[in-house]
Amino acid sequence: MRVAGVRPGARAPAAPSIGRRSARVLGYRIATAASDTLVAVVTARALGADGRGLYALASFTAAAVTATVGGTTMSLSAEYAHDRAAKGRLYAGALSVAVVGGTLVGAALLAGALIAGSGARVLIYPAIIAPLLILSTLQLGVFQAVGDVGRLGFVTLASSVVPLLALTAAAILAPDRVYVSLAAWAAARAAVPLGTLAWERRDARFDFRGIRPMLRRLFGRGMPVSAANAIQLLNYRVDLLVVTAMLPLAQVGRYSVAVAMGESLLILSRSLASGAFQRVTKTSDAESIRLLTVVVRHSFMLLTAAGIVLAVGARLLLEPVFGGQFRGVWVPLALLVPGLVALGTAESLRLFFLVRLERAREYLVAATASMVMNLVLAVALVPPLGLSGAAISTSVSYAVGGLYLLVRFAQAGGPRAG
């Protein structure tokens with residue numbers, strides 16, 4: 001059954017090209033990466049290693065909140081890719097999912113924080129803004145699905161710059177007050193999706209009519225992806241959790257800087273994926289495979305070159321920029337680089353499995369295997385090697401997960417289509 005307002009058989013326009021779209025997204029992502037780096041510098045300098053550790057835990061919790069319902073982002077994209085919904089209907093679905101899912105997740109997290117007592121105080125901030133955290137992620141999914149790379153890039157940048165301004169103001173007005181900074185960060189994170197909501201409401205009519213079948217599809221197909229996202233997030237952060245459990249809080253802050261700097265590499269592969277997204281999801285299977293093969297190849301080359309530059313730059317500049325408490329952090333950062341190259345190279349393949357084929361199995365298997373391997377290796381390596389052990393475990397797990405997705409893609413004819 002087609003939804004009114006969607007032209008059957010609609011396909012993505014031929015222009016602008018993937019290269020121009022990717023370049024535009026890359027420009028926004030470079031600016032976002034610069035802003036994210038400044039966030040790391042401000043929190044490290046203003047709050048110290050211990051305060052940076054608390055901020056990292058709050059940020060991780062915010063990511064976990066979005067992961068619990070964020071799988072519906074891919075389901076939203078599939079609704080558009082398979083001509084089942086227009087933009088107004090997509091936005092209505094995103095808002096409905098954010099309100100329902102975010103309220104439930106936020107209430108559960110807040111109850112857990114209150115029961116746990118003062119030690120879990122840091123969890124209160126992401127719990128309160130949970131619906132808006134989820135909405136922000138789903139908004140980006142809508143923009144990506146319809147190919148609006150301008151708004152995708154702008155909102156992504158705002159999601160970093162607005163919290164940066166809030167954290168900077170808190171550092172100036174209330175230095176060394178960690179929880180004041182966290183409150184400012186939470187307010188800023190909430191402001192961006194609220195502003196975007198008002199912006200989009202003027203631009204497109206949200207279509208809530210008869211939305212229940214769509215919501216059933218979103219939750220039915222999205223929750224397995226959300227489960228995979230949650231597992232993948234654990235894989236992204238299980239090393240940080242092991243460091244939190246086994247080492248002092250200051251080490252958590254130190255390691256979080258290495259992670260933040262390393263993950264800036266992913267702007268390259270994600271820009272390529274965003275530029276290709278609509279073409280990949282709205283074309284034939286053979287063309288989709290061909291395009292993704294090109295994206296994977298270019299991602300590997302760009303990430304490898306950038307990873308070398310990042311490791312050398314970190315050796316020279318990380319301590320002078322972040323301060324003496326972060327001496328030696330360049331070592332775990334350099335050890336993270338090979339894994340991040342593998343992760344970024346294979347990350348775009350999720351488009352093929354989750355949106356093109358509407359199949360979560362491959363992603364779920366890769367995420368689960370990587371997470372288990374990361375946990376086992378981190379527990380074994382962190383006590384003797386410290387932060388370097390956490391970085392090694394993460395790199396190995398990323399490489400294994402990425403290799404699995406590449407093999408499954410090859411079995412679908414990927415490299416042969418290049």
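The model is predicted. The count of aromatic pairs comes to 5. Two of them are described below: Tyr 91 with Phe 206, and Phe 154 with Trp 199.

**Stacked pair: Tyr 91 and Phe 206**

- The ring centres of Tyr 91 and Phe 206 are 4.7 Å apart, and their planes meet at 5°.
- Planes under 30 degrees apart count as stacked, so the pair of Tyr 91 and Phe 206 is stacked.
- Tyr 91 sits in helix α3, which spans residues 87-116.
- Phe 206 sits in the loop between α7 (178-203) and α8 (212-246).
- The two residues are 115 residues apart, and their pair links distant parts of the chain.
- Both Tyr 91 and Phe 206 are buried.

**Edge-to-face pair: Phe 154 and Trp 199**

- Phe 154 and Trp 199 pair edge-to-face, with 5.8 Å from centre to centre and 85° between the planes.
- Phe 154 belongs to helix α6 (residues 149-173) and Trp 199 to helix α7, so the pair ties together parts 45 residues apart in sequence.
- Phe 154 has a relative accessible area of 42%, so this residue is partly exposed.
- Trp 199 has a relative accessible area of 26%, so this residue is partly exposed too.

**Charge over a ring: Arg 121 and Tyr 179**

- Arg 121 lies over the face of Tyr 179.
- The distance from Arg 121 to the ring centre is 4.0 Å.

- Helix α2 covers residues 72-81 and is mostly covered.
- Of its 10 residues, 9 are buried.
- The buried residues of α2 include Thr 72, Thr 73, Met 74, Ser 75 and Leu 76.
- Ser 77, Ala 78, Glu 79 and Ala 81 are also among the buried residues of α2.

**Ala 190 in helix α7**

- Ala 190 is placed in helix α7.
- Its relative accessibility is 10%, so Ala 190 counts as buried.
- Leaving out residues up to four places away in sequence, Ala 190 touches Ile 129 and Leu 132.
- Ala 190 and Leu 133 are 57 residues apart in sequence.
- In space, Ala 190 and Leu 133 are 6.9 Å apart, C-alpha to C-alpha.

Technical notes: Residues are numbered from 1 along each chain as its sequence is written. This is a predicted model: local features need pLDDT of at least 70, side-chain atom pairs count only at pLDDT 80 or more; totals for chains, interfaces and linings use all residues. Side-chain values use heavy atoms; hydrogens and water are left out. Rings of Phe, Tyr and Trp (its six-membered ring) pair if their centres lie within 6.5 Å; planes under 30 degrees apart count as stacked, over 60 as edge-to-face and the rest as tilted. Helices (H or I, at least four residues) and strands (E, at least two) are DSSP runs, numbered from the N terminus. Buried means under 20% relative accessible area, exposed over 50%, partly exposed in between (1.4 Å probe, protein chains only). A charge sits over a ring if NZ of Lys or CZ of Arg is within 6 Å of the ring centre and within 35 degrees of the ring normal. Contact means heavy atoms within 4.5 Å.
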